[in-house]
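Please look through the sequence and the model below before reading on. The report that follows takes up single residues, then the sheets, the helices and the contact between the chains.

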Amino acid sequence: MSQKQMIKVGMADLNTSKEPGILTTLGLGSCVGITLYDPIEKIGGLTHAMLPDSTQIRDNKNKAKFVDTGTLQLIDQMIKIGAKQHRLVAKLAGGAQMFAFQKSNDLMRIGERNVIAAKKILQELKIPILAEDTGLNYGRTIELHTENGVLLVKAIGKGVKEI
Amino acid sequence: MSEIHVDHLNTFHLDILREIGNIGSGNATTALAKLINKKVDMGVPKVNILEFKDVADILGGADTEVIGIVFDLSGDITGMMMFVLDQRSARILVNLLMGREIHEDEVFTDIDLSALQEIGNILAGSYLSSLAGLTHLKIAPSIPYMAQDMAGAILSVPAIEFGKVGDKALFIETEFIEGKDQVSGYFILIPEMKSFHKILEALGVSK
């Protein structure tokens, strides 16, 4: 690996980077990773959201915890460092259902609901989704490379996918 | 007594949670020792109250591959119980249980996986029954659910539950170690805060 800076994004967290930084989040489970990229300025952003909808939860101070407010805050931060909203493109990963019991309870199908919420807000903001690797039942580690907008998705026993 | 929030626990609350971890994992450790007929040591239970961005690190890094056996808890005490092992420990444990030679690099067969689930079942059962006995509260664990995956991905499931009510997650974590073959892992109790309130009441301790 080269000496490019790796910027880690934890659960309920978000961050941005200019080329050549790499934004990464490790062990994405039922949370959804939403990555945004401005291909002209080569600015990337990643938010690791736990829950679909901030309006459904009383305690919603932490914006990065939610798909809706996290995405909006991420866009704000990207614009501050020079990105243009109309140029942004999105890629999604995560939203897995880690354990079978999550099926039985509608409240627990959180991974799927996170992905649906991400698609909804991106559509409202007219940000095209170029690729996704979502759902199923396994964890993912992702890396957004700001030099070219490639999103690497790694899963145990499944190798590395480039989307 | 008003609802206790994970962000505002005092040292007295933490002591009680640690003691719960102590009693539960003490019993589970004894059960494990009997099961494999070896001496098993237990660490001091830790009550971890973590920001979500730090949650994934408690099992040695978010992308560490682990085996997690998880129980959804219902009854008076709700939340989750987890039994987590690294890959190597899980293999050794299965081999010890099956009375086989220890090979560290085999792939798990279906029977191995089902044996691991059953170990999880027995250990979680002894952890929870001691807790239920102490508090006279009803705790009903689900069947075991297993995942072989990255620690962060497994821990995201309980973390999300905490995310619905606050900005921190609480894990009562106890490490156990079988010295000779170096099997180590964790018992993790993840009570919902509303159950904690019931536990305090049941133990006859007011705030």
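B:Asn37 counts as exposed, because it has 9 C-beta neighbours inside 10 Å; by the definition used here, a residue is buried if 20 or more other C-beta atoms lie within 10 Å of its own, exposed if 12 or fewer, and partly exposed in between, with the C-beta atoms placed from the backbone. The residue sits in the loop between α1 (11-36) and β1 (40-42) of chain B, and its phi is near 55°, a positive value in a residue other than glycine. Helices (H or I, at least four residues) and strands (E, at least two) are DSSP runs, numbered from the N terminus.

This is a predicted model, in which local features need pLDDT of at least 70 and side-chain atom pairs count only at pLDDT 80 or more, while totals for chains, interfaces and linings use all residues. Residues are numbered from 1 along each chain as its sequence is written, and chains are lettered from A and ligands numbered from 1 in the order in which they are written.

Chain A also has a residue with a positive phi, A:Lys42, whose value is about 55° although it is not a glycine. A:Lys42 is found in the loop between β4 and β5 of chain A, and it is partly exposed, with 19 other C-beta atoms within 10 Å. Another loop of chain A, the one between β2 and β3, holds A:Pro20, and the peptide bond that leads from A:Glu19 to A:Pro20 is cis, with omega near 5°.

## The sheet that contains β3 of chain A

An open sheet of chain A has five strands in the order β1-β3-β8-β9-β10, with mixed pairing; two strands pair if DSSP finds at least two bridges between them. At the edges stand β1 and β10 (159-162) of chain A, each with a single partner strand, so one side of each is left without a neighbour in the sheet. The twist averages 25° from one strand to the next.

Is strand β3 (residues 22-28) of chain A largely enclosed or left open by the rest of the structure? Seven of its seven residues are buried, so β3(A) is largely enclosed. With strand β1 (residues 6-8) of chain A, β3(A) pairs in the parallel sense over three bridges, and here A:Lys8 stands opposite A:Thr24. With strand β8 (residues 140-145) of chain A, the pairing of β3(A) is antiparallel over five bridges, and A:Thr25 stands opposite A:Ile142. Further along, strand β9 (residues 151-155) of chain A and β10(A) pair in the antiparallel sense over four bridges, with A:Val160 as the bridge partner of A:Lys154.

## A second sheet and its helices

Chain A has another open sheet of five strands, in the order β2-β5-β4-β6-β7, and its pairing is mixed. Its edges are β2 (13-18) and β7 (129-134) of chain A, each with a single partner strand, so one side of each is left without a neighbour in the sheet. Neighbouring strands of this sheet are turned by 10° against each other on average, direction ignored.

Within this sheet, strand β4 (residues 32-38) and strand β6 (residues 89-94) of chain A pair in the antiparallel sense over six bridges, and A:Gly33 stands opposite A:Ala93. Helix α3 (residues 110-124) of chain A packs on the sheet, touching β4, β5, β6 and β7 of chain A, and its direction makes about 25° with that of β4(A). Axes are lines fitted to C-alpha atoms, for helices over the stretch in contact, and angles run from 0 to 180 degrees between N-to-C directions.

## Where the two chains touch

In the contact between the chains, 26 residues of chain A meet 28 residues of chain B, where two residues are in contact if their C-beta atoms, placed from the backbone, lie within 7 Å. β3(A) gives the most to the side of chain A that touches chain B, with three residues. The residues of that side divide into 16 nonpolar, seven polar and three charged; Ala, Val, Leu, Ile, Met, Phe, Trp, Tyr, Cys and Pro count as nonpolar, Asp, Glu, Lys and Arg as charged, and the others, Gly among them, as polar.
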